[in-house]
Amino acid sequence: MEWETVIGLEIHTQLATTSKIFSGASTTYGAEPNTQACAVDLGLPGVLPVLNAEVVRMAAKFGLATHSTVAKRSVFDRKNYFYPDLPKGYQISQLALPIVHDGYLDIDLEDGVTKRIGITRAHLEEDAGKSLHESFQGMTGIDLNRAGTPLLEIVSEPELRSAREAVAYMRKIHSLVRYLDISDGNMQEGSFRCDANVSVRPIGQEEFGTRAEIKNISCFSFVEQAINLEVERQIMLIESGGTVVQETRLFDPDKHETRPMRSKEEANDYRYFPDPDLLPVEIDDDFIEAVRNTLPELPDTRKARFVSEHGLSDYDAGVLTASRELADYFEAVVEASGGQGKLSANWVMGELSGALNKSDCEVKDSPVTAAALGAMLQRIEDGTISGKIAKQVFEAMWNGEGSADEIIEQQGLKQISDSSAIEGIIREVLDNNPKQIEQYRGGQEKLFGFFVGQVMKATQGKANPKQVNELLRKLLDS
Amino acid sequence: MHQKTLVELSADLQKGSLSSEELTRACLERISKYDAELNSFVTVVDQQALAAAQAADARIKAGKAGPLTGIPFAHKDIFCTRGVKTSCGSRMLDNFIAPYDATVTQKLLEAGAVMVGKTNMDEFAMGSSNETSFYGPVKNPWDATTVPGGSSGGSAAAVAARLVPASTGTDTGGSIRQPAALCGITGIKPTYGRVSRYGMIAFASSLDQGGAFTRSAEDAAVMLGAMAGFDERDSTSVDRPVDDYMAGLNAPLQGLKIGLPKEYFGEGLDAGVAAAIEAALDEYRKLGATIVDITLPNTHLSVPAYYVVAPAECSSNLSRFDGVRFGYRASEPKDLEDLYTRSRGEGFGDEVKRRILVGAYALSAGYYDAYYLKAQKVRRLIRDDFLRAFEQVDVIMGPTAPSVAFKLGEKADDPVSMYLSDIYTIAVNLAGLPAMSIPAGFSDGLPVGLHVVGNYFEEGRLLNVGHQYQQATDWHTHAPQGF
């Protein structure tokens with residue numbers, strides 16, 4: 001039987017506020033355990049939550065950027081369950097009336113097709129603390145620094161049809177929250193993670209199959225692996241006569257499997273009810289318009305502009321707008337290079353991205369600034385250096401040896417564009433290789449490249465390649 | 001000295017004929033003399049109180065005193081007090097030293113009031129007799145075989161026994177007004193949102209409200225004036241200025257319209273209590289008020305609605321007491337489940353457990369709509385009843401409690417009968433209105449409380465109505481024998 005995969009994602013993204021959602025404690029990551037948890041975060045008797053207005057603005061930004069309804073009235077509810085890293089015994093979340101609902105996001109698939117994915121809702125909630133099982137023999141340590149960190153939980157419609165689509169959607173959301181400057185999206189620190197609801201059904205069947213929820217997946221490649229493994233498991237189970245049970249599962253990347261997290265007997269009844277300590281969040285049109293005015297250019301708009309303004313391909317524009325930092329960098333390079341859109345794109349996506357990857361470095365921390373790279377591209381454009389030498393210059397710039405001009409000057413990399421000088425070198429090369437000339441003239445035309453190589457070798461790559469080609473052809477063919 | 005009201009003592013302090021230190025010592029002496037029997041205090045802070053009294057005396061000398069500067073008072077043990085045990089009447093918090101001050105604590109501290117100790121109460125404010133306290137029952141100073149009412153039983157008994165001129169309380173379903181009635185003193189619960197709940201350990205968040213016990217309405221005006229006000233740390237506190245409660249006390253009652261709900265004078269009301277209330281109404285007629293018969297048709301739904309909403313909220317509010325971060329922890333738990341079940345099983349008393357179970361049930365999947373949601377709808381009906389009534393009348397009066405103080409143990413094993421002792425007070429919390437109980441005579445030698453309910457934020461009118469009555473009568477000056 002042919003099977004269709006049905007996936008819905010719940011993405012939890014930490015909002016980049018300086019203080020927590022219901023208290024004034026700092027949200028900075030990585031502090032000593034329990035040093036960033038105030039009385040409210042600890043859930044001490046008598047304390048009360050007060051909503052951080054910044055999270056409402058951030059959620060509204062997300063709502064507007066995803067064509068969603070930003071609710072004029074939303075309500076915080078209590079989700080009740082016991083866990084040691086949940087200080088109050090309930091999590092403040094939003095159930096019936098979330099702040100954002102009914103939107104969508106367009107994702108680009110590999111075959112060039114654009115697919116629209118519905119966003120059911122996005123609601124505000126507080127993060128829990130962390131249970132630390134290592135380094136406490138036979139005991140569990142509790143770190144409440146993270147407790148009360150604001151989260152936006154973004155729930156998609158079950159409209160994703162493969163692990164790859166799920167990853168494309170997650171990447172797009174990741175890019176968007178960073179564009180909007182509402183989350184740092186740092187997956188290592190857990191600022192961006194997701195739960196995947198996965199089910200399968202025979203192709204053509206309308207009814208959904210029973211779903212399993214894979215909890216807390218923290219990187220893109222794990223999302224893809226986890227979904228594929230789960231789909232495989234479900235299909236095998238059904239085909240061998242079993243049935244999928246609705247449950248939460250954990251992805252184990254080491255064992256390469258998903259496995260049940262808790263049994264059904266322990267299934268929680270969260271006893272949701274509106275939090276009586278908080279008033280409903282009420283916002284008006286003026287507020288929404290004010291937020292709309294703070295929206296940056298969004299990835300889709302920017303991508304279209306890169307195509308029309310800089311003459312880039314759809315693909316290149318897509319890569320360059322995938323993150324706001326990269327797109328900003330690219331545009332700064334274009335400006336510094338005197339408007340070299342295509343050349344800038346090639347360099348940013350080629351040498352720069354390669355160097356960043358190799359040294360595991362973020363574009364914002366690149367040792368070669370956009371202005372410096374743009375200045376170097378000008379030297380290619382004006383013929384001072386060749387594209388090949390430019391790679392050498394770039395590497396020196398990456399290593400902090402100075403600006404493009406300084407490096408060209410110090411290392412004598414200026415391109416040789418003097419025809420007579422080049423001609424002299426060519427003649428020397430030809431004199432030293434009489435046998436190859438004979439072969440070339442006898443019809444082995446691919447030896448042309450050999451002569452070019454010899455000339456470039458003799459000039460340490462500095463000869464203007466265009467001139468070398470022209471002169472060499474003239475001399476060989478004469 | 002101990003027979004003087006707060007306002008009289010304040011005048012003496014200002015004049016210099018009395019020092020706060022002398023007054024505080026006198027209070028501490030009375031506590032040590034009487035409280036072994038009454039059991040109204042959980043904690044007495046002699047040294048801290050004397051130091052605060054000396055500071056108050058300096059402040060008075062410096063001419064920077066307010067009306068509460070140097071006045072000894074007691075906090076219900078539900079308000080967090082930095083560095084002082086805050087037990088909430090529970091074994092669960094017997095070891096809990098609050099690391100911060102409640103907003104009310106802070107405000108009274110800033111006013112220069114001298115806290116002498118923390119008073120006994122029903123466990124987590126759940127009870128109407130002060131018998132559910134981990135620290136044992138409080139005795140009613142009028143008759144040591146009877147209860148003082150609850151849940152703020154210790155605060156009421158301490159003021160009635162003249163151990164302190166004033167105390168704080170909290171009222172979720174009548175926990176200030178019912179003990180004030182049973183102990184023959186004045187107790188006021190303001191409008192929901194008037195007094196900050198920050199640092200006041202929550203029982204039922206949408207109903208809890210702090211207030212005060214005193215021996216006169218005038219004294220209550222002073223206390224409430226210091227406690228009330230917007231607090232940005234409590235999202236449900238209301239951002240509006242606090243009225244000058246003292247300024248309105250002397251307005252004449254000529255033309256005042258008093259609503260009398262027929263539902264409050266039916267079955268279950270003790271005849272002696274009814275007679276005292278009738279007499280009080282006559283007094284108001286003499287003061288120029290007119291009595292208007294009104295109806296609050298949904299009154300009969302208030303106790304059932306309350307016993308869904310309050311337990312539901314409490315079941316969630318009390319989840320934080322899990323033995324992990326503070327409070328009671330069972331010894332040698334074998335795993336997490338055991339830590340939770342034994343810490344909570346051993347730390348909470350029966351009434352608290354009963355309400356947590358009822359509340360968890362009311363909120364559980366499949367029952368939420370039938371119970372919690374329905375109860376919230378009933379709340380709106382009850383609120384609408386009152387709003388309709390206030391279109392006709394200025395205040396609503398009736399008995400605070402259906403009977404005078406009952407015997408210790410009399411209702412301890414009959415929760416429903418205990419719950420019915422709050423039948424007149426509960427609707428007010430469901431609606432969030434301000435209300436007050438003032439002494440209005442006696443039945444069988446025990447005090448009767450007159451319940452006065454006002455419209456939203458009309459605490460000033462309640463105090464005025466109480467004060468005028470207390471100018472014309474002397475019920476509020478009667479002290480229990482021996483005190």
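Student: Why is B:Asp394 called partly exposed?

Tutor: Its relative accessibility is 22%; buried means under 20%, exposed over 50%, and partly exposed lies in between (1.4 Å probe, protein chains only). So B:Asp394 counts as partly exposed. Keep in mind that this is a predicted model, where local features need pLDDT of at least 70, side-chain atom pairs count only at pLDDT 80 or more, and totals for chains, interfaces and linings use all residues. Residues are numbered from 1 along each chain as its sequence is written, chains are lettered from A and ligands numbered from 1 in the order in which they are written, and side-chain values use heavy atoms, with hydrogens and water left out.

Student: What makes B:Asp394 and B:Arg461 a salt bridge?

Tutor: Their closest N and O atoms are 3.8 Å apart, and the rule asks for a side-chain nitrogen of Lys or Arg within 4 Å of a carboxyl oxygen of Asp or Glu. B:Asp394 sits in the loop between α12 and β9 (395-399) of chain B and B:Arg461 in helix α15 of chain B, so the pair ties together parts 67 residues apart in sequence. B:Arg461 is partly exposed, with a relative accessible area of 30%.

Student: How do you know that A:Glu230 and A:Arg233 are about one turn of the helix apart?

Tutor: Both lie in helix α4 (residues 220-239) of chain A, 3 residues apart. An α-helix has 3.6 residues a turn, so residues three or four places apart point the same way. A:Glu230 is buried, with a relative accessible area of 0%, whereas A:Arg233, at 22%, counts as partly exposed.

Student: And what links A:Glu423 and A:Arg427?

Tutor: A salt bridge again, with 3.0 Å from N to O. Both residues are in helix α13 (residues 419-432) of chain A, 4 residues apart. A:Glu423 is partly exposed at 22%, and A:Arg427 is partly exposed at 43%.

Student: Why are α7(B) and α15(B) called roughly antiparallel?

Tutor: They pack at an angle of about 155°, with their axes 8 Å apart. Axes are lines fitted to C-alpha atoms, for helices over the stretch in contact, and angles run from 0 to 180 degrees between N-to-C directions. Under 35 degrees counts as roughly parallel, over 145 as roughly antiparallel, 65 to 115 as roughly perpendicular and the rest as oblique. That is why α7(B) and α15(B) are roughly antiparallel.

Student: How do the axes of α4 and α7 of chain B cross?

Tutor: Helix α4 (residues 103-110) and helix α7 (residues 217-227) of chain B have axes that come within 8 Å and cross at roughly 115°. That makes α4(B) roughly perpendicular to α7(B). Here B:Val104, B:Lys107 and B:Leu108 in α4(B) meet B:Met223, B:Ala226 and B:Met227 in α7(B).

Student: Is B:Leu23 buried or exposed?

Tutor: Buried, because its relative accessibility is 2%. B:Leu23 lies in helix α2 (residues 20-38) of chain B. Not counting residues up to four places away in sequence, B:Leu23 touches B:Met1, B:Leu9, B:Leu13, B:Leu18, B:Gly70 and B:Pro72.

Note on methods: Helices (H or I, at least four residues) and strands (E, at least two) are DSSP runs, numbered from the N terminus. Contact means heavy atoms within 4.5 Å.
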